[in-house]
Amino acid sequence: AIWDIIYEHCSYFTSHSLAYLFARCGFTVKRVEPTFAGQFLCIEALPANVAYQEGSADKVQSIADEIALFADRYQRKVDEERSKLESWRQNGKKVVLWGAGSKGITFLNVLGQYGEIEYAVDINPRKSGKFVTGTGQQIVSPAF
């Protein structure tokens with residue numbers, strides 16, 4: 001979900017890193033589980049009666065490993081989407097983006113394909129006639 005890496009999201013955690021943070025801050029973690037189709041994490045924790053006990057070094061290392069893997073997966077996804085756009089352009093196809101919300105705007109800005117996608121379609125009538133921040137695509141209604 002690399003298009004979710006947006007300024008509105010103030011922090012990012014794995015289940016291990018979130019539990020680690022709560023434990024370090026004096027809580028006993030009861031459970032951590034994904035919500036909203038895996039987009040968010042929910043934690044249930046209670047104030048602990050004992051001082052924090054240092055967690056497993058393996059769990060901390062797993063966080064570092066996941067970050068390294070994410071960087072590689074992120075770049076592969078960006079390259080894959082750029083390749084699709086280039087292929088469609090070479091085949092004479094015109095591409096528009098559906099949705100000029102945060103994910104759509106992030107998609108356009110990450111790809112940096114100025115001119116490859118001319119329009120962004122959005123159902124919000126207040127956005128129609130405006131332009132995407134950063135890349136400048138005109139936002140149009142579905143009727144367009």
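Q: What does E86 count as, and at what relative accessibility?
A: E86 counts as partly exposed, at 27% relative accessibility. Buried means under 20% relative accessible area and exposed over 50%, with partly exposed in between (1.4 Å probe, protein chains only).

Q: What kind of model is this, anyway?
A: It's a predicted model: local features need pLDDT of at least 70 and side-chain atom pairs pLDDT 80 or more, while totals for chains, interfaces and linings use all residues. Residues are numbered from 1 along each chain as its sequence is written, and side-chain values use heavy atoms, leaving out hydrogens and water.

Q: Back to E86, then. Which residue forms a salt bridge with E86?
A: That's R89, with the closest N and O atoms 2.5 Å apart. (A salt bridge is a side-chain nitrogen of Lys or Arg within 4 Å of a carboxyl oxygen of Asp or Glu.) R89 is partly exposed, with a relative accessible area of 42%.

Q: Where do R89 and E86 sit?
A: In helix 2. They are 3 residues apart there, so about one helical turn separates R89 from E86. Helices (H or I, at least four residues) and strands (E, at least two) are DSSP runs, numbered from the N terminus.

Q: How many salt bridges does the structure hold?
A: It holds 11. One of them joins the side chains of E44 and R31, at 2.7 Å from N to O. E44 lies in strand 2 and R31 in strand 1, so this pair ties together parts 13 residues apart in sequence.

Q: Is F36 buried or exposed? And A37?
A: F36 is exposed, with a relative accessible area of 60%. A37 is exposed as well, at 81%.

Q: OK, new topic: the inside. Which residues touch the most other members of the largest nonpolar core?
A: L97, F107, L108, L111, I117 and A120, out of 14 residues in that core. (Such a core is a set of buried Ala, Val, Leu, Ile, Met, Phe, Trp, Tyr and Cys residues joined through side-chain atoms within 4.5 Å.) Helix 3 gives the most to the core, with 3 residues.

Q: Which residues of helix 3 are buried?
A: G104, T106, F107, L108 and L111. After helix 3 comes G112, with a positive phi near 60°.

Q: How covered is strand 4?
A: Mostly covered, with 4 of its 5 residues buried.

Q: What stands opposite A120 in strand 4?
A: L97 does. Strand 3 and strand 4 pair in the parallel sense over 3 bridges, where pairing takes at least two DSSP bridges.

Q: Which strand joins strand 4 through 3 other bridges?
A: Strand 5, residues 138-140, which runs parallel to strand 4. There, Q138 is the bridge partner of Y119.
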